[in-house]
Amino acid sequence: QSKRSTKAPALATPKIKLVLNLSKDLPFIREVYIFIYMYTPTTKLIKITEKYYKSLRTIYSPSLAESIKFNRHGWNHLLYDGTGHRRSEAQIRLRLFLFKDVKEAIIKHVGYPEVTTKKIYISKIDLDVTYYEINSRLKTGKYLKVIIRKFPDGEYHYYSLRRGKKTKNPL
């Protein structure tokens, strides 16, 4: 009797060369990204996004005519709300998903940002903090609103983001 091998025969894995035309294949690329995003654990998404966040460091904003820093304030605000409580997993996943477009939204913004000033209390000191809201239309046709914050004697820094809305007149 001859013994048959229980191992499956080794198959040669074909090498596939994927050539994409960004203008034509953007919907496909977006669908692949959404698929990967949906089936990746939140902890892994946080690590991936944190690596990207740290790589940004500073981005020049033409609408503010200033550089915007990406520091711990913005990173913490992605994961925690203003009172220091961790956001829900659904909120964190949404913010991480939207964050990939922040650089494009800041660079491509045309017009004047919406400016608001708010008094906040930090380390026993009242500060008048200025918030700048940049509402940008992305390549995908969606809108993203990026919030930039500035302390009285500080630099502009990324603070938050949310889905934006179509505006009648960006200028």
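Axes here are lines fitted to C-alpha atoms, for helices over the stretch in contact, and angles run from 0 to 180 degrees between N-to-C directions. The structure is a predicted model.

**Overall composition**

The protein contains 5 helices and 6 strands. In sequence order these elements give the pattern α-α-β-β-α-α-α-β-β-β-β. Of its 171 residues, 36% count as buried. The accessible surface of the protein is about 12600 Å², and carbon and sulfur atoms account for 55% of that area. When contacts in the protein between residues at least 6 apart in sequence are considered, 51% of them join residues at least 24 apart.

**Packing of H2 and H4**

Two packed helices are described by the angle between their axes and the distance between the axes. Helix H2 covers residues 42–56 and helix H4 covers residues 89–99; they pack at an angle of about 40°, and their axes lie 10 Å apart. Angles under 35 degrees count as roughly parallel and those from 65 to 115 as roughly perpendicular, and H2 and H4 are therefore oblique to each other. The crossing of H2 past H4 is left-handed.

| Helix | Residues in the contact |
|---|---|
| H2 | Thr42, Leu45, Ile46, Thr49, Tyr52, Tyr53, Leu56 |
| H4 | Glu89, Ile92, Arg93, Leu96, Phe99 |

By class, this contact of H2 with H4 is made up of 8 nonpolar, 2 polar and 2 charged residues.

Key: Residues numbered from 1 in each chain as written. Predicted model: local features only at pLDDT ≥ 70, side-chain atom pairs only at ≥ 80, totals over all residues. Heavy atoms only, no water. Helix = DSSP H or I, 4+ residues; strand = E, 2+ residues; numbered from the N terminus. Parallel < 35°, antiparallel > 145°, perpendicular 65-115°, else oblique. Left-handed = near helix turned anticlockwise from the far one by under 90°. Contact = heavy atoms within 4.5 Å. Nonpolar A, V, L, I, M, F, W, Y, C, P; charged D, E, K, R; others polar. Buried < 20%, exposed > 50% of the residue type's maximum accessible area, 1.4 Å probe, protein only. Areas by Shrake-Rupley, 256 points an atom, 1.4 Å probe, with all protein chains shown as cover.
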